[in-house]
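Please look at the sequence and the model below before reading on. The report that follows goes from a single residue to the sheet, the cores and the aromatic rings.

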Amino acid sequence: MTDQTRDSYTAIAVEYAEFVRAEMGGKHLDRAMVTAFADLVRGQGQVADVGCGTGNATGQLHQLGVDVFGVDLSPGMLAVARKELPEVRFFEGCMLDLDIPDESLAGLVAWYSTIHVADELLPKALAEFHRVLRPGGHALLAFQVGDEPLHLTEGLGHQIDLLFHRRRPERMAELLKAAGLLTHAQLVREPENERTPQAFLLARKGLTG
């Protein structure tokens, strides 16, 4: 599924950047979670936006004074991100095998990016999040709420092949805990021009690692 995800997002990169910019602008609760996360990690060290796409959340964190960089599968998405945020570092990578040293990050964001990770691979991704976070580091995850995946073959005027895994917040919290990341705050809001409710979890790696 990695190749399909990469190719699909590369195809829609330019249109996607405009879409998410317009969407995020009016979503006050979403932006409030990003701001709360920024307050927790600002000045503590580097933060990775994993699955950063065109850099929407990355840009918000940068504006909030966070030392952030972006990682994404899609060269097309990264090209747009670099153009829009030339002062921020972006590089290609996969959340299942991050090219980031152990315990080097103060924080990590997965803003609607774990949604493309299959259920059987999700524990591996969360274990990577735990590995790269320093003790006491914070993670912010955003995802759609639900039980059944959504498969899209067309979007933003392009042919795509994207599978969106919807998940329950309580299940995600259990998986985070199993990976050594304890959820300390969560927000679930009703749909705003979306198909399902949206969930946001803030988790923290224990001080003992």
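## Surroundings of Thr 58

Leaving aside neighbours within four places in sequence, Thr 58 is in contact (heavy atoms within 4.5 Å) with Asp 49, Cys 52, Val 68, Phe 69, Gly 70, Leu 85, Val 88 and Phe 90. Thr 58 is found in helix H4, residues 56-63, where helices (H or I, at least four residues) and strands (E, at least two) are DSSP runs, numbered from the N terminus. Thr 58 has 0% relative accessibility and therefore counts as buried, a word that means under 20% relative accessible area, with exposed over 50% and partly exposed in between (1.4 Å probe, protein chains only).

This is a predicted model, in which local features need pLDDT of at least 70 and side-chain atom pairs count only at pLDDT 80 or more, while totals for chains, interfaces and linings use all residues. Residues are numbered from 1 along each chain as its sequence is written, and side-chain values use heavy atoms, with hydrogens and water left out.

## Chain and sheet

The secondary structure of the protein chain comes to seven helices and nine strands, and of its 209 residues 51% count as buried. Among the contacts in the protein chain with a separation of 6 or more, 67% are between residues 24 or more positions apart.

Seven strands form an open sheet with mixed pairing, in the order S3-S2-S1-S4-S5-S9-S8; two strands pair if DSSP finds at least two bridges between them. Strand S3 (90-92) and strand S8 (181-189) are the edge strands, each pairing on one side only. From one strand to the next the twist averages 15°, and for such angles the axes are lines fitted to C-alpha atoms, for helices over the stretch in contact, with angles from 0 to 180 degrees between N-to-C directions.

Strand S2 (residues 68-72) and S3 run parallel and are joined by three bridges, and Gly 70 has Phe 90 as its bridge partner in S3. Helix H5 (residues 75-84) lies across S2 and S3 and runs at about 170° to S3.

## Nonpolar cores

A nonpolar core is a set of buried Ala, Val, Leu, Ile, Met, Phe, Trp, Tyr and Cys residues joined through side-chain atoms within 4.5 Å. The largest one has 52 residues, and those with the most contacts inside it are Trp 111 and Phe 129. Strand S5 (residues 133-144) gives the most to this core, with six residues. Apart from it lies another core of six residues, among them Cys 52, Ala 81, Leu 85 and Val 88.

## Aromatic rings

Rings of Phe, Tyr and Trp (its six-membered ring) pair if their centres lie within 6.5 Å; planes under 30 degrees apart count as stacked, over 60 as edge-to-face and the rest as tilted.

| Pair | Centres apart | Planes | Kind |
|---|---|---|---|
| Trp 111 and Phe 200 | 5.4 Å | 35° | tilted |
| Tyr 112 and Phe 200 | 6.4 Å | 90° | edge-to-face |

Trp 111 lies in strand S4 (residues 105-111) and Phe 200 in strand S9 (residues 198-205), so their pair ties together parts that are 89 residues apart in sequence. Trp 111 counts as buried at 11% relative accessibility, and Phe 200 is buried with a relative accessible area of 0%. Ring pairs link Trp 111, Tyr 112 and Phe 200 into a cluster.
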